[in-house]
Amino acid sequence: MARTPNSTEIAQPKVGIVSLGCPKALVDSERIITRLRAEGYAIAADYKGADLVLVNTCGFLDSARDESLEAIGEALNENGKVIVTGCLGAEANVITDRHPGVLAVTGPHQYEQVMTAVHTHLPAPDHPFVSLVPESGYRLTPRHYAYLKISEGCNNRCSFCIIPSLRGDLASRRIDAVLREAEQLTKAGVKEILVISQDTSAYGLDVKYAPYKWRDKERQTRFRDLCEGLGELQRETGAWVRLHYVYPYPHVDDVMPMMADGRILPYLDIPFQHSSPTVLKAMRRPANIDRTAERIHKWRAEVPDLVLRSSFIVGFPGETEQDFEHLLSWLKDARIDRAGCFKYENVTGAASSALEGHVPEEVKEERWHRFMALQAELSDERSKVQIGKTIDVLIDEVDEDGAVGRSKADAPEIDGEVFLSDATGLKPGDLIKAKVTAGDQSDLWADPVT
Ligand code: SF4
């Protein structure tokens, strides 16, 4: 009879840690040890008992740099397999010039990069009893969908937004780490990956599109390579890949063939915010709106079922009736399928608060109602076109009344739902075909196709 091994029977890879420097470096070491332990690594007490040694360095004073370089040399002599991290790691050439034999060098607070280097040179045990943390990490979303954060911060300086002052400039994650996370998510049963950031199409700009290997192929840290990698996972597992916060830069065109052949969902969440060139200028928005309209028409010719979701602000300081009407007619022309609309509000610290021409509240209110009425009309038209079609539905919830899911055109939480009345035998995460029987401004009703 098969027997489950206990933890003492499973070989645990052992990592030795040499921690130098100040309390902040010590906290970094603690965090790294926590991650290592959670993934099933053991911590070795000495060089001889370690399969690999991590040296967390200090580079504050010359004496500390010397001490760090000596410690790396000692670890190399005693053990041979050494990864270096910490403050001196920010000057990788100082380390590699003196010790060319080190396996990898990462900078301070780069926990993810340290873990990536450890995984590369000493793979984690893969028995689930050894790991206290699920391979896909802890998530707060339902089991069948997950957000995949590809970067922090933003290089834009929109006048109504304080995110760059809170989170700093764009800081992209390495593409291999992102794709590995996505792969782990699909292995854990995730059926939909939602790519998020502040500016998804700018991914990699800050790291000059640095290349890394994933699955034996070099990939650049850039939007197109990210989509290609995620598209590969879609091909293998069927998991949907949905792109959020994409700006309509020219290179977004690269993803259209991937949408056309089903590797990436034909869905783009683009926060346009407005269409009037005057308002966009006052908002300091990236991308040129005239070219954007052209681009949308081109995309639709290539991907006829493309769904565009966006958010808009009405009543921005200086917005005239003419600007607002520009927005309404642009909305019709671009056929934005899903739109959220916000009445402009001052945000403490945002440059737009100081602009002239603040719009009275009652005017904002009136414009908001006109915007929403037009949007409801456009969404309703779109839903009616779906009636009679057979669509893919990802099941989110099942109860005694039936099941609720989403089509490819619906992101969780923000878009519509698909209600299925006859839903026996379904469970969350199932991907089924259903024939649409009715629709309104946001939701569809459908019958499963057996
Ligand atoms: S609104 Fe978006 S793009 Fe503009 S600064 Fe804020 S986070 Fe960046």
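Sorted by class, the shell around the ligand comes out as seven nonpolar residues, two polar ones and one charged one. This is a predicted model, and the residues making up that shell are Cys154, Asn156, Cys158, Phe160, Cys161, Ile163, Pro164, Gln198, Tyr247 and Arg285.

As for where the ligand ends up, it sits in the second largest pocket. That pocket has a volume of about 860 Å³ and a lining of 34 residues, with Phe160, Tyr245, Pro271, Gln273 and Ser311 lying nearest its centre. Phe160 therefore turns up in both lists, being one of the residues around the ligand and one of those nearest the pocket centre, where a residue counts as near the ligand if one of its heavy atoms lies within 4 Å of it. The lining splits into 19 nonpolar, eight polar and seven charged residues.

Turning to the strands, β3 (residues 52-57) is largely enclosed by the rest of the structure, because six of its six residues are buried. Both of its faces are covered: Leu52, Leu54 and Asn56 are buried on one side, and Val53, Val55 and Thr57 on the other. Strand β3 also has pairing partners. With β1 (residues 14-19) it pairs in the parallel sense over five bridges, and Val18 has Val55 as its bridge partner in β3. With β4 (residues 82-86), β3 again pairs in the parallel sense over five bridges; here the bridge partner of Val53 is Val82.

Note on methods
Residues are numbered from 1 along each chain as its sequence is written. This is a predicted model: local features need pLDDT of at least 70, side-chain atom pairs count only at pLDDT 80 or more; totals for chains, interfaces and linings use all residues. Side-chain values use heavy atoms; hydrogens and water are left out. On a 1 Å grid over the protein atoms alone, a cavity is a set of points where a 1.4 Å probe fits but cannot get out, and a pocket is an open set with protein on both sides within 12 Å along at least five of seven lines; lining residues have an atom within 4 Å of a point. A molecule sits in a cavity or pocket if more than half of its atoms lie within 2 Å of its grid points. Ala, Val, Leu, Ile, Met, Phe, Trp, Tyr, Cys and Pro count as nonpolar, Asp, Glu, Lys and Arg as charged, and the others, Gly among them, as polar. Buried means under 20% relative accessible area, exposed over 50%, partly exposed in between (1.4 Å probe, protein chains only). Helices (H or I, at least four residues) and strands (E, at least two) are DSSP runs, numbered from the N terminus. Two strands pair if DSSP finds at least two bridges between them. Grid points are joined across faces, edges and corners, and a volume is the space filled by probe spheres set on the points.
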